[in-house]
Amino acid sequence: MQGLLWKEWHEQRWKLAFGSLMLAAFAFVGLRARVIADDSLLRYVCGIAVLLLPLLSSTALVAAERSDGTLGSLLALPVQAWRVLVAKTVMGVALCAGPIVLTAMVSFAVSGGREMPAGAMAGMFARTLLAALSLFFWMFALSVRLPNETRAALVAVGVLVGWLIVSLGLYSAGARGTEPSLLWVTNPFFLFFMGRDGQSSVLAIAICMQAIIALALWLWAVRQFAKPQEGRS
Amino acid sequence: MSRTKALLWKEWHEVRVLLAIALFVFVGLPMVGAMEDRVHRFSASPWVFLLGGLLGVLVGVGTVSRDLNGRLEDFWRSRPVGVARWVLVKYFIGLGVVLAALCIPLVIEIVLNQGSNVWTNPTLILAWNPFVWTAGYGVAFAAACLIRRPAHAAVISIAALLVLYFLPYALPPIQFMELSWVMDGSEFPRESFGHVLSIYHRIPWMPWRVLYEPRQLLFVLGMLVVAVAGLALALAAVKRDWRIESGQKLIYWSIGGVILVVLSTIALQVGTNLPILQRLDLPENCEVESIQSDGSHGVILTWTDKVGQRCQTLRVAPTGLELGPPLAVENSRYMNLQGAVSLPEHPNILYVPGDRPIADSKALYPTLSVVNLNVAEAQTETLSFPGDKSALWVRKIDGEWVETETLSFPEDKSEDFYLPRVYAWNNRLYFLGINCRTFDLSEPLKPRLVSTDQITWQPLPLRRANVLSFLIESGAPFETGMVYFPDIPGLSPRQRLETVLGPKAGLINERFSDDTLTTVDASGDRLTTCRLELLTDHSATFRRLGVYTPTSLEWFYGSPGQEFAQRNGLFYESLRPSQPWDTWDTRRQLDGARLTVFSVDGPRPRPVFHFAAPDERSFRGLCPLPDGRLLLGGEHHIYLFGPPPRK
């Protein structure tokens, strides 16, 4: 297992560095410049994180191995397939969480307590992290069988757009965080857009629901991952 | 046919289609636009200016990528043609296509429009932009030789081009490579007494008159160095078969790097860079209306929901601000406290102009109030002059907008409404209405009327005291404009000019100091500076110096000006806060108050300092001090800024 994690780390660490640097630099420059309110700026930063980090992390883990032809060698190792997927999932979670955590630290250092209370800022980043992870599991599971990164990216964008359309539809239909429907609490964007207005009990329900969905998606991905690719000898 | 000629023929045949497409875009489409335009104005310069760099990249990558790929490259290497000659021919044919495709439309525009351009002057673009296009083309050519994958090379080249555009904004040592700097230098050459300085010469490579100073040649040199470096790198890469394995990593980091450069540029252009020395908290629901100070003492005017208008004395010590107790002023609604003056030796006694309604009438008469802030409760004594009733007043009285009738006072006939104003000098107070009343201030609390003189404000009305404002707001091209001032006994022409242009003149969009008049247009975006050229007994002649129009970034992050001040060659502009009716406009969605400081002692205004306070909704009470510090009032705080770090 350690060897698998080491491999993933060596392959993906530049993406972790890239995501962390870009997001943290954006927050740093924006907060230092003070052109707009800290709250508005951090909403932009968190929005970018939610939209891009799951996309960046989910597409590179399995689909890239397939297109490079290295997945076969990996599965031929004397390791169970689910362990390979655990290593990839851990790396994917790190790719989502690392930049958000670093950006939160930078934001606290530059503007902690200046305009936004520390609790509100921490809450915003926590919700961003949860929404990003929820989207990651959706994208990761649905792209686990795809043969290359381009297709994986298309599916990931489809997931993103699909949930955004659902969110917009629900929002324009008048649904609010305080009276959420089942579709709302299973929506990854609920945590990001509506979570801050919602009651804590509703938020807790949404987190639990989405954790269950993420687990289900991951188990489904394990099943799909281990299946031999159709049309190949 | 010699080898070079054969190579030239081949390259020309391959690349001419790009020239045709580019000419269709940059000449054909604007031609169609000109035919549909009411005044048939041919307008190619915006497209050339915005897309020129992109064409350089496309041609640079396009000329190389076809021949440096797989078997075709092997074929060329097997031919008895030197690699250097082959690359050089490619380079210069491609460069020729880029320059021809971008310069021809500009020449057509200059010839057809004869100077009636609404956008950036095409002669300036033609004078300076070809160097940027050459540099961009050189970078793209080198990238294509090194990377050999057209799409990747194009992405990297566009990233490099953006760095070339934006990095000089962020890095002061290479500021000479900033395109806007060099174009501004030619558009607004520095003048002395109305004459362009002798360091300016006519650009030799331009058939039309465009001036340059030797410093601007650094820009040309810098761009040519980039272009030559690109060519040298391309030659070395092809000769030694250097390749860069481009992949996801390279593309991600290039784009990321460019985003960081652009972000840093934004931060430098619109971010906060004024040093705060002190910040005083204001009580809840208390808002600053105005601050006035001579550098050592002053008065802060605040508004609170419960009490209304209040005054607080202010002492500006080297260590910071010391505020006196807040004092309510009786009948302050009839006073223009923002127009008050005081004598330097009695800073806490204010002489406040104002007006009051005449009983059973909608007319108003001017008043002069003496407000003593030295005691616990401010004392007010009001002198009134009902004889100075004015015609055509439209003022707010007791919360209602009322329009007065025209009263018959032929001797006070006024074409426009006005605010009475005061001017203090040398123990004399001049109260300027339709008449000028001079008071002796030997006893500061008991002004003694010395004389009453009829003054002539014609040919211009009082409030809009200068014809320059009209010229500037109309947008009409002008070189000089006149400002007239009244004949006030005992005051010099400069002092009389200050009565119409000074800080107490009640002007809205104009500020005058150190012989420079700065005006902001009605939309609050564009600044124009004029320099005092000639001062006679009754008029001042100003010559237009320069104009500042916000860049796209500043326009996006800024909003129209709300309040203005000027001192020590700096023009201070506090930006208007968001209003509910502004929500359609993207730039006003951004919250928080902002302040921009322009340097106006040069040939054109340029932004030098910024301050943003997202927790304030607006800034009121801009008060620059003689020592360079600045007092600024907000909704929650009063700020004292240090002198600007550099000018």
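Me: Why is A:Ser167 called buried?

Reply: A residue is buried if 20 or more other C-beta atoms, placed from the backbone, lie within 10 Å of its own, exposed if 12 or fewer, and partly exposed in between. A:Ser167 has 20 other C-beta atoms within 10 Å, so A:Ser167 is buried. This is a predicted model, in which local features need pLDDT of at least 70 and side-chain atom pairs count only at pLDDT 80 or more, while totals for chains, interfaces and linings use all residues. Residues are numbered from 1 along each chain as its sequence is written, and chains are lettered from A and ligands numbered from 1 in the order in which they are written.

Me: Where is A:Ser167 placed, and what is A:Ser167 in contact with, leaving aside its neighbours within four places in sequence?

Reply: A:Ser167 lies in helix H7 (residues 149-172) of chain A; helices (H or I, at least four residues) and strands (E, at least two) are DSSP runs, numbered from the N terminus. Two residues are in contact if their C-beta atoms, placed from the backbone, lie within 7 Å. With neighbours within four places in sequence left aside, A:Ser167 is in contact with A:Asn187, A:Phe189 and A:Phe193. A:Trp184 is 17 residues from A:Ser167 in sequence and 7.6 Å away in space, C-alpha to C-alpha.

Me: How many residues of each chain take part in the contact?

Reply: Chain A gives 15 residues and chain B gives 20 residues. On the side of chain A that touches chain B, the elements giving two or more residues are helix H1 (2-33) and helix H2 (38-59) of chain A. H1(A) supplies the largest share, eight residues.

Me: What makes up the side of chain A that touches chain B, by class?

Reply: That side has ten nonpolar, one polar and four charged residues. Ala, Val, Leu, Ile, Met, Phe, Trp, Tyr, Cys and Pro count as nonpolar, Asp, Glu, Lys and Arg as charged, and the others, Gly among them, as polar.

Me: How does the reach of helix H5 (residues 122-147) of chain B compare with what is expected?

Reply: The expected span of a helix is 1.5 Å times one less than its number of residues. H5(B) has 26 residues and reaches 35 Å from first C-alpha to last, close to the expected 38 Å. H5(B) also bends by about 40° at B:Trp128, with B:Pro130 following within four residues; the bend is the angle between axes fitted to the seven residues ending at a residue and the seven starting there. Of the 26 residues of H5(B), 26 are buried.

Me: Why are strand S16 (421-425) and strand S19 (448-454) of chain B said to stand at the edges?

Reply: Two strands pair if DSSP finds at least two bridges between them. Each of S16(B) and S19(B) has a single partner strand, so one side of each is left without a neighbour in the sheet. The sheet is open, with four strands in the order S16-S17-S18-S19 (chain B) and antiparallel pairing. Six bridges join strand S18 (residues 435-440) of chain B to S19(B).

Me: What makes both faces of strand S30 (residues 630-633) of chain B covered?

Reply: In a regular strand the side chains alternate between the two faces of the sheet. B:Leu630 and B:Leu632 on one side, and B:Leu631 and B:Gly633 on the other, are all buried.

Me: How many bridges does S30(B) form with strand S29 (residues 620-624) of chain B, and how many with strand S31 (residues 637-641) of chain B?

Reply: S29(B) and S30(B) pair in the antiparallel sense over four bridges, and four bridges join S30(B) to S31(B), also antiparallel. B:Leu630 stands opposite B:Pro624 and opposite B:Phe641 in S31(B).
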